[in-house]
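Dear colleague,

Please find the structure below, together with its sequence. My notes on what was found in it follow.

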Amino acid sequence: MSLLSDLVNLNLSETTERSIAEYIWIGGSGMDLRSKARTLPRRISDPNRLPTWNYDGSSTGQAPGEDSEVILRPRATFPDPFRRGNNNLVMCDAYTPDGVPILTNNRYKAAEIFNHPDVNAEETWFGIEQEYTLLQKHVKWPLGWPVGGFPGPQGPYYCGIGTDKSFGRDIVDAHYKACLYAGIDISGINGEVMPSQWEFQVGPAVGISAGDQLWVARYILERLTEIAGVVLSFDPKPIPGDWNGAGAHTNYSTKSMRTDGGYEVIKKAIDKLGLRHDRHIAAYGEGNERRLTGKHETANIKTFKWGVADRGASIRVGRDTERDGKGYFEDRRPASNMDPYVVTSMIAETTILWNP
């Protein structure tokens, strides 16, 4: 008698050329990921050759019940680390049957910016530091914390090791390897300042692909926490008080910033970001006011400032960039629950296309 695990891990390529494609999209809240699978006659890795599909938008808060059909258009594919073999994960965006992007389709708006000739010529690079918190399933309290109580104060947990400092490393390492298997440009992981809080980094990735990759990396992580019986939280301040919040620091550079004289380009770009601070803050994630207090390595949400090696600034420039006269900068304002399509395209639009 086969075990359930034996059947889950069946290698389909031994008996058929058919493939399973898991179509992924973003639900009506802007943070809830949804997915469903379909059988294809063979593996198709080119998203332009994949069939469109549809779903019931009335069940995701994206369409009324009397006109509920929403169309999925494949945009990027990744080898499936769960089914493996010839199977793919497919990142999609969503449209009405008439071909109009639905209101929550932020990818469409981002693609318009990244396809602009001036933005395309600058070869925008992004590196996103995604922080998140692992919670106990039934009490929604951080993993490894005493229920209703607190661990010792922050200090020993950042990049810490040991059973009293590191909680959930098996999930984190499984996610790291699964992302590498899927072809995601995941560049590292680390434990964060608050215990049971972790970070993974995606990038450098060019243009719209940064958003595609981060969303699929989030999808893989939530599937893994589902398997592990742990709750995944992207709340920017999951625990009130003297505990660090969770962000999605976004590192950014253009071709002009990476060449000689780029430091002056960086400073001009930062000046533009300062002039549009309120607009960016409004789009950088819900609940960010609980995180951006001026404490715990943040600048106050009402203040814009930048500095070299300053983790209490809105924008941080690295010492290497200052020394070399070229490089990149880090926007430290985005919350952990931000939409990477919105944040990356807004940074590109403000720094390249906008003329104050």
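**Ser253 and its surroundings**

Ser253 touches Glu123, Thr124, Trp125, Arg258, Gly327 and Tyr328, not counting residues up to four places away in sequence; contact here means heavy atoms within 4.5 Å. Please note that this is a predicted model: local features need pLDDT of at least 70 and side-chain atom pairs count only at pLDDT 80 or more, while totals for chains, interfaces and linings use all residues. Residues are numbered from 1 along each chain as its sequence is written, and side-chain values use heavy atoms, with hydrogens and water left out.

Ser253 belongs to strand β10, residues 248–253. Helices (H or I, at least four residues) and strands (E, at least two) are DSSP runs, numbered from the N terminus. With a relative accessible area of 4%, Ser253 is buried; buried means under 20% relative accessible area, exposed over 50% and partly exposed in between, with a 1.4 Å probe and protein chains only. The Ser253 side chain also makes a polar contact of 2.8 Å with the side chain of Arg258. A polar contact is a pair of N or O atoms within 3.5 Å; within protein, one must be able to donate a hydrogen and the other to accept it, and residues adjacent in sequence count only if both atoms are side-chain atoms.

Thr124 is placed in the loop between α3 (117–121) and β6. Thr124 counts as buried, at 2% relative accessibility. Beyond its neighbours within four places in sequence, the contacts of Thr124 include Phe114, Val119, Tyr252, Ser253 and Ile352.

**Annotated domains**

The unreviewed UniProt entry carries the annotation "domain: GS beta-grasp" for residues 19–99. UniProt positions are given in the numbering used here, feature names are shortened, and annotations may be inferred rather than shown by experiment. Residues 19–99 are 0% helix and 48% strand, and the end C-alpha atoms of this span lie 27 Å apart. The annotation "domain: GS catalytic", also from an unreviewed UniProt entry, covers residues 106–356. Over residues 106–356 the chain is 37% helix and 19% strand, with 24 Å between the end C-alpha atoms.

**Aromatic pairs and charges over rings**

How many aromatic pairs does a search of the whole structure find? The search gives 12 aromatic pairs. Rings of Phe, Tyr and Trp (its six-membered ring) pair if their centres lie within 6.5 Å; planes under 30 degrees apart count as stacked, over 60 as edge-to-face and the rest as tilted. The rings of Tyr132 and Phe200 have centres 6.0 Å apart and planes at 50°, so this pair is tilted. Tyr132 lies in strand β6 (residues 125–136) and Phe200 in strand β8 (residues 197–206), so the pair ties together parts that are 68 residues apart in sequence. Tyr132 and Phe200 are both buried.

Tyr252 and Phe329 form an edge-to-face pair, 5.5 Å centre to centre with 70° between the planes. This pair links distant parts of the chain, with Tyr252 in strand β10 and Phe329 in strand β13 (residues 329–331), 77 residues apart. Both Tyr252 and Phe329 are buried. Ring pairs also link Phe114, Phe126, Tyr252 and Phe329 into a cluster.

A charge sits over a ring if NZ of Lys or CZ of Arg is within 6 Å of the ring centre and within 35 degrees of the ring normal. The charged end of Arg73 sits over the ring of Tyr95, 4.0 Å from the ring centre. Arg218 lies over the face of Trp215, at 4.7 Å from the ring centre.

**Cysteines**

A disulfide is a pair of cysteine sulfur atoms within 2.5 Å, and by this rule the count is zero. Cys92 is buried, at 4% relative accessible area. For Cys159, the closest cysteine sulfur is likewise in Cys179, 18 Å away and too far for a bond. Cys159 is partly exposed, at 45%.

**Backbone features**

Cys159 has a positive phi of about 55° although it is not a glycine, and is placed in the loop between β6 and α4 (169–181). Arg84, also not a glycine, has a positive phi of about 55°. Arg84 is found in the loop between β4 (69–79) and β5 (88–95). A cis peptide bond joins Gly203 and Pro204, with omega about 0°, and Pro204 lies in strand β8.

Yours sincerely
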